[in-house]
Amino acid sequence: MIETPRIVRAEPRLTAVIRLTVPRADIQKVMGPGIAEVLAVVAAQRIGPAGPVVAHHLKMDPGTFDFEIGVPVRAPVSPVGRVQPSELPAVTVARTIYHGSYEGLPSAWAELMGWIAAEGHTPAPDLWECYLTGPETSPDSTTWRTELNRPLVAVSSGARR
């Protein structure tokens with residue numbers, strides 16, 4: 001279930017990330033270790049995390065995930081191993097909050113994309129998820145919250161906000 005989407009201006013946010021390109025089936029194998037690696041680096045450098053874990057998908061391909069996994073930081077991260085500095089862009093996005101388990105994310109994205117099309121907007125090729133609450137806070141997936149952000153290349157002038 002998603003909340004009513006809205007159009008907002010996302011502010012730029014510095015991030016510390018690991019860029020990964022993996023088969024879709026391997027996502028669960030790489031997320032946990034990647035998050036742990038980023039969190040260790042930003043903690044050691046005392047720059048974060050300054051917000052929830054983020055997955056910024058750079059290219060959309062049904063069989064492959066090309067994305068950055070990371071966290072917002074208070075200052076640029078000094079590169080260590082796979083961890084590199086990056087930034088979420090300042091851009092207009094369609095944003096909603098999805099309530100539920102991660103297995104429901106594809107349906108939530110489909111619902112958001114339907115809303116974007118119905119409102120007459122044109123999505124950019126990338127998107128990002130912010131994992132506001134998840135299994136680290138409760139085993140009950142009905143309490144999990146994921147913020148979905150889809151940048152827009154064109155915002156319809158007649159759009160509802």
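Start by selecting Leu39, which is partly exposed with a relative accessible area of 31%. On this scale, buried means under 20% relative accessible area, exposed means over 50%, and partly exposed lies in between (1.4 Å probe, protein chains only). Before moving on, note that this is a predicted model, where local features need pLDDT of at least 70, side-chain atom pairs count only at pLDDT 80 or more, and totals for chains, interfaces and linings use all residues. Residues are numbered from 1 along each chain as its sequence is written, and side-chain values use heavy atoms, with hydrogens and water left out.

**Stop 1: around Leu39**

Leu39 sits in helix H1. Helices (H or I, at least four residues) and strands (E, at least two) are DSSP runs, numbered from the N terminus. Now show the neighbours of Leu39: leaving aside those within four places in sequence, Leu39 is in contact with Pro49 and Val71. Contact here means heavy atoms within 4.5 Å. For a sense of scale, draw a line from the C-alpha of Leu39 to that of Pro151: they are 26 Å apart in space and 112 residues apart in sequence.

**Stop 2: a loop with Pro12**

Next, select Pro12, in the loop between strand E1 (6-10) and strand E2 (13-23). Pro12 counts as partly exposed, at 40% relative accessibility. Not counting residues up to four places away in sequence, Pro12 touches Glu87, Leu88, Pro89 and Ala90.

**Stop 3: Thr96**

Is Thr96 buried or exposed? Thr96 is buried, with a relative accessible area of 2%. Look for Thr96 in strand E6 (residues 91-99). The side chain of Thr96 reaches the backbone oxygen of Glu3 at 2.5 Å. Beyond four places in sequence, the residues that Thr96 touches include Ile2, Pro5, Leu112 and Leu148.

**Stop 4: helix H2**

An α-helix has 3.6 residues a turn, so residues three or four places apart point the same way. After H2 comes Gly120, whose phi is positive, near 85°.

**Stop 5: the largest pocket**

A pocket is found on a 1 Å grid over the protein atoms alone, as an open set of points with protein on both sides within 12 Å along at least five of seven lines; a cavity is a set of points where a 1.4 Å probe fits but cannot get out, and lining residues have an atom within 4 Å of a point. Grid points are joined across faces, edges and corners, and a volume is the space filled by probe spheres set on the points. The largest pocket holds about 900 Å³ of space. Of its 25 lining residues, select those closest to the centre: Ile27, Tyr102, Leu105, Glu129 and Tyr131. Which element gives the most to this lining? E3 does, with five residues.

**Stop 6: the largest cavity**

Finish at the one cavity of 30 Å³ or more. The largest cavity has about 40 Å³ of space. Among the residues lining it are Thr15, Val54, Glu68 and Val71. The largest share of that lining, four residues, comes from E4.

How values were computed
A polar contact is a pair of N or O atoms within 3.5 Å; within protein, one must be able to donate a hydrogen and the other to accept it, and residues adjacent in sequence count only if both atoms are side-chain atoms.
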